[in-house]
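Trainee: Could we go through this one together? I'd like to learn where the labels come from.

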Amino acid sequence: ILTISSVPCFAAYWLLPRLADFNERHPDIQVNIRATRALTDFNRDGVDMAVRFGPGTWEGLRSIKLYDEQLIPVCSPALRGGRLPRVPSDLLKVPLLHHDRQPWSIWFEAVGLDYRDVGKGPHYSDQNLLFPAAIAGLGVALVRASLVEADLKSGRLVRLFSRSVPTKYSYFIVYPPDSQNRGKILTFQQWLLEQVQSAERKGAIGPEADHDVSGHPPVR
């Protein structure tokens, strides 16, 4: 048994859709996932390894970077009857969905637009709410590109513009260096890194993810 702690959105939208591949390759390892935003106490919580979104330095723990993240604007293709924003300034005229940890101001600044966030528009405390809200046509969301890969491919969401903005933090594998399950941890670590390399080759994550990972040209 390998017990993994992960932030909920990464577990739900990135890890679980890929996990059947690991199970097929390593049927002798049962993977249990605990989804939480709290930092794991490896001495108390019975967790073997974690995937964290952060700066990459945690005292007493080994950390290996998985990948850097990009923020992109997305919405339902049916938003406003399909009359989607054509240029970045059009976003100032449509409902914007807000997540407190991903302020719209950083994206508007990157495209050279003056944007003053006065709290107008729906706010969501979790990305697990933000994504469904965008799919439901409630507005445009600023999201982590790697987590909406499946929704873009299926057409449930569309990416509006080619401009992306790197996040302050990245995803890291984290575990105690003297773990008794080190062999299983290294097996899962290698599989995770292979999945990242595959996603990077497809342009779904990383610095080359400035295009629409759905395969369709983004609205510019």
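Trainee: Which residues does Phe-10 touch, leaving out residues up to four places away in sequence?

Mentor: Phe-10 touches Leu-15, Val-51, Leu-66, Tyr-67, Leu-147 and Tyr-171, where contact means heavy atoms within 4.5 Å. Keep in mind that this is a predicted model, where local features need pLDDT of at least 70 and side-chain atom pairs count only at pLDDT 80 or more, while totals for chains, interfaces and linings use all residues. Residues are numbered from 1 along each chain as its sequence is written, and side-chain values use heavy atoms, with hydrogens and water left out.

Trainee: How do you know that Gln-102 counts as buried?

Mentor: Buried means under 20% relative accessible area, exposed is over 50%, and partly exposed is in between (1.4 Å probe, protein chains only). Gln-102 has 5% relative accessibility, so it counts as buried.

Trainee: And what makes Arg-80 partly exposed?

Mentor: Its relative accessible area is 35%, so Arg-80 goes down as partly exposed. Arg-80 also has a positive phi of about 50°, although it is not a glycine.

Trainee: Where do Gln-102 and Arg-80 sit?

Mentor: Gln-102 is in the loop between strand 5 (96-99) and helix 2 (105-110), and Arg-80 is in the loop between strand 4 and strand 5. Helices (H or I, at least four residues) and strands (E, at least two) are DSSP runs, numbered from the N terminus.

Trainee: Why is the link between Gln-102 and Arg-144 called a polar contact?

Mentor: A polar contact is a pair of N or O atoms within 3.5 Å; within protein, one must be able to donate a hydrogen and the other to accept it, and residues adjacent in sequence count only if both atoms are side-chain atoms. The side chains of Gln-102 and Arg-144 are joined at 3.1 Å, so the pair gets that name.

Trainee: What makes up the lining of the largest pocket?

Mentor: Its residues divide into 15 nonpolar, 10 polar and 6 charged. Ala, Val, Leu, Ile, Met, Phe, Trp, Tyr, Cys and Pro count as nonpolar, Asp, Glu, Lys and Arg as charged, and the others, Gly among them, as polar. A pocket is an open set of points on a 1 Å grid over the protein atoms alone, where a 1.4 Å probe fits, with protein on both sides within 12 Å along at least five of seven lines; lining residues have an atom within 4 Å of a point.

Trainee: Which strand gives the most to that lining?

Mentor: Strand 3, with 5 residues.
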